[in-house]
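User: Could you walk me through a few side-chain and backbone details in this one? I'd like to go topic by topic.

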Number of protein chains: 2
Amino acid sequence: MTTGEFGLIERWLKPLASGFPGALGLTDDAALVECRQDSELVIAKDAIVENIHFLSDDPPMSVARKLLRTNLSDLAAMGAEPVAYLTALMLPEHVDDAWIAAFVSGLEQDQKAFGLHLIGGDITSTRGPIALSCTIIGRVPKGLAVSRSGARPGDQIWVSGHLGDAALGLRIRQGLAADEDTAMILLGRYRLPRPRVKLGQRLRDIATAMIDVSDGLVADLGHIAECSGTSAVIDAALLPISDDARDVPGAREAALSGGDDYELLFCAPPEATPTIEAIGAELELPVTRIGQVASGQGVRVFDETGTDLPLQRMGWQHR
Amino acid sequence: MTTGEFGLIERWLKPLASGFPGALGLTDDAALVECRQDSELVIAKDAIVENIHFLSDDPPMSVARKLLRTNLSDLAAMGAEPVAYLTALMLPEHVDDAWIAAFVSGLEQDQKAFGLHLIGGDITSTRGPIALSCTIIGRVPKGLAVSRSGARPGDQIWVSGHLGDAALGLRIRQGLAADEDTAMILLGRYRLPRPRVKLGQRLRDIATAMIDVSDGLVADLGHIAECSGTSAVIDAALLPISDDARDVPGAREAALSGGDDYELLFCAPPEATPTIEAIGAELELPVTRIGQVASGQGVRVFDETGTDLPLQRMGWQHR
């Protein structure tokens, strides 16, 4: 932590580092992370920018939690256990103590909930929008990280939770009509993803390929298919759409191509079905088989009548 | 790497990751870093913002190299060996291919020079200034990382290279008069720090405390003194001022309080003197003894006449 206002770090960030000796109280140039034999570290980094990834009037607490949770979701998709994180906060002048206090309390709440610690970072000023970067560090037994590239023809395709809620929440926020309770729930799903960290760890002996659904089901399944050198076929009738989303116009399109759900999408051989179902039951988290890996390339979606759905909109890219 | 334009990553960043298997070709959610027994990982993260830390017309290649080098300097100060880095690039619309190509070639040049690899990150858009974050990962034998907190009364205080060049370079850029050759050299020292990575590693058995000079000598020595529970006394006559800086007005003040030199400032017991001098000779890098650690607190500077210099300006803070 070389630049940045020491007072801000001392006051706001240092308490978040107190449980991790290698953070050295955030007073040093870098943090230390222990290496354990037979394990690998898993590292991801994402950035979010005001008015691109979040809105100026989003509560700072949920901005913080979303920043941490989208990164946690990257760890989940590798089957990793969370260890620590670093942040870079680029803040314009108008950001006041109340904003920072709420932001930090969001970090605090979620680092407790997910069992990790702040170990370093940077606070600096900007003359532009708020820009926030997070680097997350996890641990996985050596050789057991799940990549996107291991899917094989014959594998079944699974997804956790429900799809499309977050995209509908964003559209409601942008003006789509919905009743008030539904709007609250779906907007909550957009603002506060639920990274499937425990499920990811339980699947590391089982899944042949895994990714989190951040760009949209079809796009993210496309990444698995491309990295694995396979194709993938989805049965639209099997898509897990929540009771909240079911009656909102565009629910199926949102489930197929909406982003930001941060559910786990994974492939596994058919014989793993009972184990996967048992894990879902134990974690009280629905896991749904939605299709199959095949040879060839690309992603196809069939509807109830066996008709190939056109996939113009393959998911969102934020730039 | 969950958001960001895949095309940009594929085209510009992927080649920087080709030498590191755990980067998984930048196609996955996270990267893998091997754990080695008896070692620790050292992790630092910094962010720089256009018009705060660099200027809009700075060459993108030197912006990239400075980003990487300031982070490398954090590793150097811990005595760590560089392993890998991640970047988050937040780019406004007007940033074109030529800018990105030059930026990436700066990263490429320096990752080769310092022996590390890009293993992940994010490219996203912003409606504000260019904002860049770098997370760097190094390795150090277990228990040998050098912190800021081990200085003891009686230790001698050393610094590598020369002090004040970078601050004078910035002031010349801002309008301070200097002859053309001097201006070029000092501006180069501001734009392109030389992280003392090899020296840092050689000092990990020797230095009791170490930091890189980024905020200014007095400020950074103050961090060591505070973390170590000691005071520090500098003899201004011993400050290593370069031949280029010597005749520029304000050279001594720049050496004391200018930032951005990224030299290593370290403490060691007097009996280590011959070893330190031998290491400096071997690396062809001047190392200069400038003072002594004492009991008490704070930093004092004496001039040639033994007079205590007033230290109004204790260094720069970037926010």
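User: Where does the charged end of Lys66(B) sit?

Analyst: Keeping in mind that this is a predicted model, the charged end of Lys66(B) lies over the ring of Tyr190(B), at 3.8 Å from the ring centre.

User: And in chain A, which ring does the charged end of Lys66(A) sit over?

Analyst: In chain A the ring belongs to Tyr190(A), and the charged end of Lys66(A) is placed over it, 3.8 Å from its centre.

User: Switching to aromatics, how many aromatic pairs turn up over all chains?

Analyst: Searching the whole structure gives 4 aromatic pairs over all chains. One of them joins Trp158(A) and Phe266(A), whose rings are stacked, with 6.3 Å from centre to centre and 5 degrees between the planes.

User: Where in the chain do Trp158(A) and Phe266(A) come from?

Analyst: They come from distant parts of the chain, since Trp158(A) belongs to strand S6 (residues 156–160) of chain A and Phe266(A) to strand S9 (residues 264–268) of chain A, which puts the two residues 108 apart.

User: Buried or exposed, that Trp158(A)?

Analyst: Trp158(A) has a relative accessible area of 1%, and it counts as buried because the cut-off for that class is under 20%.

User: What about Trp158(B) and Phe266(B), how are they arranged?

Analyst: Trp158(B) and Phe266(B) form a stacked aromatic pair, with the centres 6.3 Å apart and 5 degrees between the planes. This pair also links distant parts of its chain, with Trp158(B) in strand S6 (residues 156–160) and Phe266(B) in strand S9 (residues 264–268) of chain B, 108 residues apart. Both Trp158(B) and Phe266(B) are buried.

User: OK, backbone now. What is the phi of Glu284(A)?

Analyst: Glu284(A) has a positive phi of about 55 degrees, although this residue is not a glycine. Its place is the loop that runs between helix H10 (273–283) and strand S10 (287–294) of chain A.

Note on methods
Residues numbered from 1 in each chain as written. Chains lettered and ligands numbered in written order. Predicted model: local features only at pLDDT ≥ 70, side-chain atom pairs only at ≥ 80, totals over all residues. Heavy atoms only, no water. Helix = DSSP H or I, 4+ residues; strand = E, 2+ residues; numbered from the N terminus. Phe/Tyr/Trp six-rings, centres within 6.5 Å; stacked < 30°, edge-to-face > 60°. Buried < 20%, exposed > 50% of the residue type's maximum accessible area, 1.4 Å probe, protein only. Lys NZ or Arg CZ within 6 Å of the ring centre and 35° of its normal.
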